[in-house]
Structure formats: C-alpha cells, structure tokens
Amino acid sequence: MNDVLVPGFVALFILSVFAVGLYSQRLIDSSDEFYGATKMFGAAVITLASMSGIMSAFGFIGGPGLVYQMGTSSLWMTFASGLGFAMAYWIVGKRVRGMADVANIGTLGDIADERFNSGAIRGILSVILFIACWAYLASQVAGGGYVLSVILGVSMETAVWLVFGLIIVYVAVGGMASAQLAGAYTGAVMLIGVVGVIVGFFQIAGGMENTTMTVVEAGELTGEDVTKAFTPQMLDGWGLAEGSAPGLLLIWPIVFSIGVMGQPQVLQRMFSINDPKGLRTVGLVSGVTYAVGSLLWLLIGFIALYLVASGAIEPLADPDMAAFEFVERLHIVLQMIIYAGLVAAIMSTAAFFLSVASGAIARDFVRAMGWEFSERRETWLGRVAVLVVGVGAVIFGLYGGHLVAILGTFGWGTFVSGTIPAVVVGLLWKGASREGVTAGLASALLLNVILLTATQLGYSFPIGMDFYFIAIAVSISVTTFVSYLTDGASGENVPEHVKPIFKL
C-alpha cells in the first residue's frame, strides 16, 4: 500500500505546484514582472518564498548528513542564516526596494547598472550569477533527481525529466512571478513537513534527553566495513569541527549570516514586495520561519545518530541517506507529509535559480552588450532562455559526472562575492565607485575559478577555511580600496535619480 500511496500523494503535490506556477502567468503585464516579479506580492508570499529559497533541499538531505558526520558543528551554518534574514531585510531591504521606485528594475543587474551606470558591471555580475545558478541547478538535478527517483519509485532519468520538465514549463510561462508564488506555496508545505519531523522525532527517539544519552554512550560501532565513533564532543556547542577544522566555526557564522544579504533568493525578493513597509515584518518572520525550518536539519541529523547509536541500523556509508532511514520508519501519513516537504524544497530552489540564470543571460548580458529589444520581445527572449538553460542544466546534471559535484561547491560563496560589492555595498555606501565595484567583481570571478581549481588539485587552506571565504573577503576589500582612489558614480557623482535612495 505504501508503495502506491506515498508516490501518488507526492505526484499530486507536484502537479499542484505546477498549477500554481502556471496561474502566475495571469499576473504578468511587463518584462520587469516576468524577470523580477517587481512590486507584485505581499509580505506573506515574500516571507515564505524567502525561507524556502534559502533552506532548499539541503536542509532535508545535506544538513542532516553534516550533523551525522560532524555533530553540532554545522548548526552554526543554519542558525546564522536565520539571523541573516533580519540583517538583510532591515539593513539593505528598503534601498533595494527603493530602486524599483526610481527605475525600471527586474534583475539585480538592473540595480547595479542604475547605481553605477556601467554595462561592464552589469555584464560581469550577469556572468557570476549565471555560473553560480547553473552550478546550483546542475547539483539540484544530480542530487534532487536521486531523491525524486527514490520517492516516486521510478528511474532517476524519468524522475528528473518529469519534475524538472514541469518546472521548466511553468517558469517559462510565468517567469520570476511563478518562482515567487510557487515558492511561497512550497514554503508553507515545508513548514508542515517540519511538524511531521517533530512528531516523528519523538515517536522514534522519545525526545532529546534519550537521544543525547544514547549517542554519547555508544562508543565505536562497526558494520559492513563502516565504522562510526560516538563521543560527547559530537553534541557539545562546537561539534567535531573544533578539532578537525576549527576555521569553519569562525567562517560559517560570518558567511551564513552576512552571506544571506548577498543571496539572490533574498535580494531579488526585496523588490518583489508591493509595500516597502512590509520589509521589517518579512525580515523578522522569515528569520523565525527559517529557524523553525532548521529543525529539519537538527532533528533528522540527531535521529540518524540515534538510530546508529542504538543499533537500529548499521553505520551509514552515505550520510545523506539519514533522512530516508528516518522517514521510512514513520507512519505513512508522516511519510507523505515529510516527502512532500522535501519535494517542495527541491522545486522551489530549482524554479528560482532557473529564473535568475535565464534573466542573467536574456536581460542582463544582452543589455550589457548594448543590444535593445522591445519589452514584448525581451519577455519572449527570457522564455526561450528558460527553456535552453533548463534543458541544458538537466542534461549536464544527469550526465556531467564528477564535474557536477565540483561545480556544486561554487554556489553560495560565489553569489556573495559578486552581489555584496555590486548591490549591498553599492547601495549602503555612497562612496562605492564604478571602478571599485568593477575591480571587486573581476577579482571575485577570477579568484573563485582559481581557488576552486586549487582545491580540486588537492590544496587545502589553513584551519579548514573554505575557498569562497577568501574570494568574498578579497572582493569586498578590493572594492573598498579602489573606491577610495576613484570617484566614478560615487559621492556627488552618484546618478541623480539614485541619490534619493541614500536618504532611506
């Protein structure tokens, strides 16, 4: 019975997301709305869409896998991200939204171009956004495709083409509006999934005290050539990273709090809100809902540790299987709820990045080259770009092999190293110059490629530091230093129509 009910329920949910995405086409009247859903939605939609975009499927799969591997260390990532929502919407939100009142804004490239009057900045930013989004999409296909095949009971290729095919279609029809509206819908379903996880946690483990005592007393367990050592340090405030990679405990809280300010999943939604007065509410509530969503990360990871420590299952060869080991032991109703939440996370993230990647090419890169189209043709160019980028990402994700895994590390930090100088610093600091941001973006693009290559060749950075932290720090530093030496579009040279933004 479970073999029919769970896949059937999830399939119906997928179709419902598709219907919501198609409906959004009725709301679009301009290319700004297609590319950016500009000033289209209220605080509730933006809150849920922001939460689901940042949490993504990683909160269900990758996060719990990190908890199984490192104990509580990775929780510094997700807890810091919750704080980042308030920082983002309260600090820079009103200025990002204000740009939509002084200019025609549909993409982050539009904001950068209007602020600095520079096609070069728009062009470099479009390349950074496209590469990072493509990397995210391909990794979503590779990782999410496997998850979908397990849930739906079909081959990975069939699952990917069915689900991602539907995503491609509704984003091509509704653009960013479909990604925002469907993202809010899937975000609500993810929160329902959290309730299912909480119930399941107490049903299996009996609570946090029992889980903690079982884990810290388990010692070392071996099964099928896999050994897992349990120590009290796994569940203290720092986890195992304190000894193996202490740099992560410094870097993660910084990158994943400030880093949220530079994520397109947040920045792009700031100018999608119809009333700027709702930004403070969005900052608070999206942070709280993300914190609730973080219970997925925490509890599923703890359950995996408990199941192994108690002898219910053998040590996991693949930590990412933690969620499946947990869910398969639950009542069928809880399975349906949690799996729907997991699929919601996959679809929400994929739709958003597909829209951003297509906009980076069809609008930002095209305008950076000086090519001009009518609004109607620009919208249709975006639809064609969605189809091409989407199908290309699916093919690459399915058959790209190891290269997909390599590019999968390219996402979060690459976004931040590009959007922080071009958008966040540019709107918060009147002294940011055209030359400074151009230099910062160029260094970000170059360093991300060079440092990623170095890691693949076996180079490791001191104290466990991730390469993207260096790229972020250098891009911001270069932007600041060069801006002090130049004055293009800075200070009194800021474009006249943008100057009111700095009074917000």
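Setting aside neighbours within four places in sequence, leucine 66 is in contact with Phe58, Gly71, Ser74, Met77 and Trp297. This is seen in a predicted model. Leucine 66 belongs to helix α4, which covers residues 62-70. Is leucine 66 buried or exposed? Its relative accessibility is 16%, so leucine 66 counts as buried, since buried means under 20%.

The surface comes next. Trp90, Ile91, Leu284, Val285, Val288, Val292 and Leu428 together make a nonpolar patch of about 550 Å². Two elements each give two or more residues to this patch: α5 (75-102) and α13 (279-309). The largest share comes from α13, with 4 residues. Valine 292 lies in helix α13. Because its relative accessibility is 34%, valine 292 counts as partly exposed; that class lies between the 20% limit for buried and the 50% limit for exposed.

The last stop is a pocket. Rolling a probe the size of a water molecule over the atoms shows where empty space is left. The second largest pocket holds about 200 Å³ of space. Its lining consists of 13 residues, and those nearest its centre are Ser31, Arg363, Arg367, Phe373 and Glu378. Which helix gives the most to this lining? At least two residues each come from α2 (31-36), α15 (332-368) and α16 (375-399), and α15 gives the most, with 3 residues.

Note on methods. Residues numbered from 1 in each chain as written. Predicted model: local features only at pLDDT ≥ 70, side-chain atom pairs only at ≥ 80, totals over all residues. Heavy atoms only, no water. Patch = residues over 30% accessible without salt bridge, like charges linked within 9 Å, V, L, I, M, F, W, Y side chains within 5 Å. Areas by Shrake-Rupley, 256 points an atom, 1.4 Å probe, with all protein chains shown as cover. Salt bridge = Lys/Arg side-chain N within 4 Å of Asp/Glu carboxyl O. Buried < 20%, exposed > 50% of the residue type's maximum accessible area, 1.4 Å probe, protein only. Contact = heavy atoms within 4.5 Å. 1 Å grid on protein atoms, 1.4 Å probe; cavity = no way out; pocket = protein on both sides within 12 Å on 5 of 7 lines; lining within 4 Å. Points joined across faces, edges and corners; volume = space filled by probe spheres on them.
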